[in-house]
Amino acid sequence: VNQNNLRLWSQHWTQTTYVDESNFDLDNRDVNGSTFTRMYVTVIRDCEEARKALAEDVSLSNDAIAASEGAIEVMEVLAYSFMVDLFGDVPYSEALSEATNTPVYDDDAAIYADLLARLSVASANLNGMSSFGSSDIIYGGDAASWKMAANSLMLRLAIRMIDVDAANAKMYGEQAIAGGVFASSSDDMRLFYSSAPPHTHPMWETLVQSGRTDYIASNTLADVMNAHMDPRRASFFKNLDSVGNITAAPHGLQSDYYQFSQPGSALEDPTWSHAAVSSVEVEFLLAHAAVAGWAGAGDAATHYDAGVTGSIVEWGGSAADATTYLAQAGVAFDASTAAAQIGTEKWVAMYSNASEAYNTVRQYDLTMNVADLAQTVTPNRYSYPLTETSLNTDNVAAAGAKFGGDDTFAKVFWDL
């Protein structure tokens, strides 16, 4: 929770004893500050340093440079989009400038527009093999795979802003679909971890290595999964009740760890992988695109079913399990309730991608429970870190003013 509390904000999990983060506190453990530091100092700066090193390597062909640059762009766009989705306006045009230590906060919609343009260029440049080879631990230097990742991320951002800029969302979304997006789990932009520290999965570190008993099922997710006898329940959580239901605590309430269902055993595997963008997510994006009538999107029900099925199979279920689940009233696709169904099923399926689960809550206006101590539902954005307020006072104040005085219940540009 010192670095990522989005499983709590998406109300998949809640805490047992120390429930500050389940009640949406950011400042106590400086979660927003940790997020700023990790994304700018580690991820985004590393991307820029990789770009500089690439430019200095005179042994590379132009094609290899272009493909490598494209892969770096995908990673950097992913990082910036993560920040915009969480905070709204963030440093962008001056983020890593050597000319100032107090970068301006750029408009969130303007950043998104530039990120989409960058992905468009990156996708066009991703051909052949990059120069990274085996040092590329996601795709092994295969530019065709990075091209699919660029297009899949482009589709994500396009769907995200569909309600505020339908024309550009459609343009980029159709471009992404035509360029080729993920079609199977083997395409996923997935990072694999090792069995020994320090390269183990963060969930193993949180749930096993720490020796702590901090997390249990939130009733928000449990109620949805139990209502339709979701076949993923025994994979998402352990210690279910006698009929296979998740036993969950009211969100944000101090609770006894041993009286409720806890995160499942799959999450205790140090080698468990993480997909930053997955084919399961893409199927739900395509379902939304099809509902919107975008060219090439195909049939909404087919993609919706594929997203649900892909998630169930990913978590150890079978295609038959998915068929049974999808046949139920309220789960079977209905064009008249498409948005609510796509949103709900995507939120469940993004159990292993907490930031996307949280984004889905906001985009589809999913019903969240009122947290016990906070007495509010999940906020709409992170507030700016106290360190930023101290060190970049004027720019943070200007950005915060746009969001009602840095109110966590103000909304980023795409969240209507």
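Residues are taken as buried when their relative accessible area is under 20%. By this criterion, 53% of the 416 residues in the protein chain of this predicted model are buried. The chain contains 16 helices and eight strands. Its radius of gyration is 21 Å, close to the 22 Å that the globule rule gives for 416 residues, so the chain is as compact as a globular protein of that length. The C-alpha trace spans about 65 × 50 × 45 Å along its principal axes. Of the contacts between residues at least 6 apart in sequence, 71% join residues at least 24 apart.

Phe-24 lies in the loop between strand S1 (13-15) and helix H2 (31-56). Its relative accessible area is 10%, so Phe-24 counts as buried. Beyond residues up to four places away in sequence, Phe-24 touches Leu-8, Trp-9, Gln-11, His-251, Ala-371, Ala-374, Thr-376, Val-377, Thr-378 and Pro-379. Phe-24 and Ala-371 are separated by 347 residues in sequence, yet their C-alpha atoms are 8.4 Å apart.

Arg-7, in helix H1 (residues 6-9), is buried but has no salt bridge. The nearest side chain of opposite charge is that of Glu-314, 10 Å away. The contacts of Arg-7, not counting residues up to four places away in sequence, include Trp-13, Met-203, Trp-272 and Tyr-351.

The whole structure holds 24 salt bridges. One of them joins the side chains of Glu-21 and Arg-29, with an N to O distance of 2.5 Å. Within this pair, Glu-21 is buried at 0% relative accessibility, whereas Arg-29 is partly exposed at 27%. Another salt bridge links Glu-174 and Lys-170 at 2.9 Å, N to O. Both residues belong to helix H6 (residues 166-179) and are four residues apart, about one turn of the helix. Lys-170 is partly exposed, with 35% relative accessibility.

Arg-232 forms a salt bridge with Glu-345, the closest N and O atoms being 3.3 Å apart. Arg-232 sits in the loop between helix H8 (219-227) and helix H9 (233-236) and Glu-345 in helix H13 (residues 338-349), so the pair ties together parts that are 113 residues apart in sequence. Arg-232 is buried at 1% relative accessibility, and Glu-345 is buried with a relative accessible area of 5%. Elsewhere, salt bridges with shared partners join Glu-48, Arg-51, Glu-69, Glu-73, Glu-76 and Arg-118 into one network.

Notes:
Residues are numbered from 1 along each chain as its sequence is written. This is a predicted model: local features need pLDDT of at least 70, side-chain atom pairs count only at pLDDT 80 or more; totals for chains, interfaces and linings use all residues. Side-chain values use heavy atoms; hydrogens and water are left out. Helices (H or I, at least four residues) and strands (E, at least two) are DSSP runs, numbered from the N terminus. The radius of gyration is taken over C-alpha atoms; the globule rule is 2.2 Å times the number of residues to the power 0.38. Buried means under 20% relative accessible area, exposed over 50%, partly exposed in between (1.4 Å probe, protein chains only). Contact means heavy atoms within 4.5 Å. Lys and Arg count as positive and Asp and Glu as negative; His and the chain ends are not counted. A salt bridge is a side-chain nitrogen of Lys or Arg within 4 Å of a carboxyl oxygen of Asp or Glu.
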